[in-house]
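Hi everyone, thanks for coming. Please have a look at the sequence and the structure, and then I'll talk you through a few spots I picked out.

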Amino acid sequence: MTWLDLPPGTGFGLDNLPYGVFSTPGTAPRTGVAIGDAVLDLAAATGDRVHATGSLNAFLALGPRAWAELRARLTDWFTDEAHRGAVEPHLLPRSEVTLHLPVQVADYVDFYSSRHHAENLGRMFRPDSAPLTPNWEHLPIGYHGRAGTVAVSGTPVVRPNGQRKTPTDDAPTFGPSQRLDIEAEIGFVVGTPSQLGTPVPLTAFPDHVFGVCLVNDWSARDLQSWEYVPLGPFLGKSFLTSISPWVVPLAALDAARVRPPARDAPLLPYLDDTDAGPWGLDIAIEIRLNGHLVSCPPFDLVYWTPAQQLAHMTVNGASLRTGDLYASGTVSGPATDQRGSFIELCWNGTEPLTLADGTTRTFLADGDEVTLTATAPGADGGRISLGEVTGRIQPAP
Ligand code: CA
């Protein structure tokens with residue numbers, strides 16, 4: 001029980017306690033913890049400089065023992081009435097604070113681990129061959145993205161300019177993307193670094209990864225399709241990646257852990273999680289376009305788990321840094337209303353979506369606002385919230 005008066009079904013109860021970075025007018029950004037409709041000013045409440053740096057990195061670098069200690073302390077503060085007098089003055093209404101990018105992002109990697117998404121894209125772009133490439137069931141495919149353009153929810157999404165060329169065009173043209181899209185993903189934030197030359201095994205996932213956030217990997221499909229062969233995504237992705245402001249600790253997701261889908265190909269030993277604790281996560285995502293619910297991608301069906309992604313990312317000896325962010329890849333389920341991108345929802349422009357207000361969409365129009373939200377089972381039997389990541393499309397410059 002807590003002495004706080006929490007709104008029913010808040011999603012930000014004692015079983016969540018996500019971390020973010022906030023400021024109030026005239027004050028410097030600092031670390032906070034979301035609880036109900038409030039944020040606890042951790043810098044003030046603890047007096048610890050690690051929470052006054054303007055990003056979570058210094059705290060994340062302290063490692064899993066420090067993460068667990070602070071979580072236990074927060075739980076004690078919010079449950080024992082004896083702490084009320086000291087804690088309550090440091091609670092601020094969340095509606096009155098500005099939320100900032102929570103993590104100074106070190107390296108950014110994006111995977112491609114949802115089978116339904118990969119199959120949908122394969123069917124659209126390679127209709128005469130197998131939907132999955134031969135490597136897909138053997139390794140989590142990924143690429144390195146642009147860490148410097150990862151931004152917090154609410155950052156305007158300026159339509160990118162670039163080169164486009166369809167197969168029937170004689171030559172490429174330059175101009176605003178005509179096929180601006182989203183990708184609904186879950187992101188994983190690394191706290192503890194690793195040594196160059198030392199792979200991180202599957203079982204060490206919770207020693208290195210602090211928590212999760214929502215990711216919208218904005219994608220210009222026309223730029224992407226012209227540039228991506230043979231080296232993969234580049235300018236069609238790097239103009240902006242939006243993340244949610246609250247990082248939910250892995251410790252809050254114990255009740256959400258599930259076995260990943262059955263494997264169709266034998267796993268090499270470094271990816272074999274048969275006897276390891278499962279790191280599939282039962283996270284339910286919702287996608288809204290201008291307030292209309294358009295899709296509900298289920299994260300529990302994603303084929304490769306974040307533990308396998310981390311093991312794969314480091315198996316060659318590549319090291320981790322505090323603040324590394326890696327995203328799951330677009331999350332799509334088998335149903336048409338579980339697809340995690342508009343290119344799938346409108347089947348490459350051939351099946352326009354009709355919204356509740358009667359308007360139709362294929363790709364995004366200037367002025368459109370896309371919001372991703374997500375929830376997962378919490379320890380107290382309810383659901384915890386991952387908050388939201390939102391962005392509005394602005395015209396190309
Ligand atoms: Ca992506």
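So, the lining of the largest pocket: its residues split into 18 nonpolar, 13 polar and 12 charged. Keep in mind that this is a predicted model. The space in that pocket comes to about 1100 Å³. There are 43 lining residues, and the closest to the pocket's centre are Leu121, Phe125, Gln224, Ser225 and Tyr228. Which elements give two or more residues to this lining? They're β6 (108-111), α5 (115-125), β7 (142-144) and α7 (221-227).

Okay, on to the second largest pocket, which holds about 320 Å³ of space. Here we've got 20 lining residues, with Val109, His144, Met313, Thr314 and Ala318 nearest the centre. β6 and β7 each give two or more residues to this lining, and so do α9 (306-314) and β22 (325-327). By type, the lining of this second pocket has 12 nonpolar, 6 polar and 2 charged residues.

Last stop, helix α3. It runs over residues 64-79, and at 1.5 Å a residue those 16 residues should span 22 Å; the end C-alpha atoms sit 23 Å apart, so that agrees. Now, which residues of α3 are buried? That would be Ala66, Trp67, Leu70, Arg71, Leu74, Trp77 and Phe78. They cover an arc of only 135° around the axis, so they're on the same side of α3.

Key
Residues numbered from 1 in each chain as written. Predicted model: local features only at pLDDT ≥ 70, side-chain atom pairs only at ≥ 80, totals over all residues. Heavy atoms only, no water. 1 Å grid on protein atoms, 1.4 Å probe; cavity = no way out; pocket = protein on both sides within 12 Å on 5 of 7 lines; lining within 4 Å. Points joined across faces, edges and corners; volume = space filled by probe spheres on them. Helix = DSSP H or I, 4+ residues; strand = E, 2+ residues; numbered from the N terminus. Nonpolar A, V, L, I, M, F, W, Y, C, P; charged D, E, K, R; others polar. Expected span 1.5 Å × (residues − 1). Buried < 20%, exposed > 50% of the residue type's maximum accessible area, 1.4 Å probe, protein only. Arc of directions from axis to C-beta.
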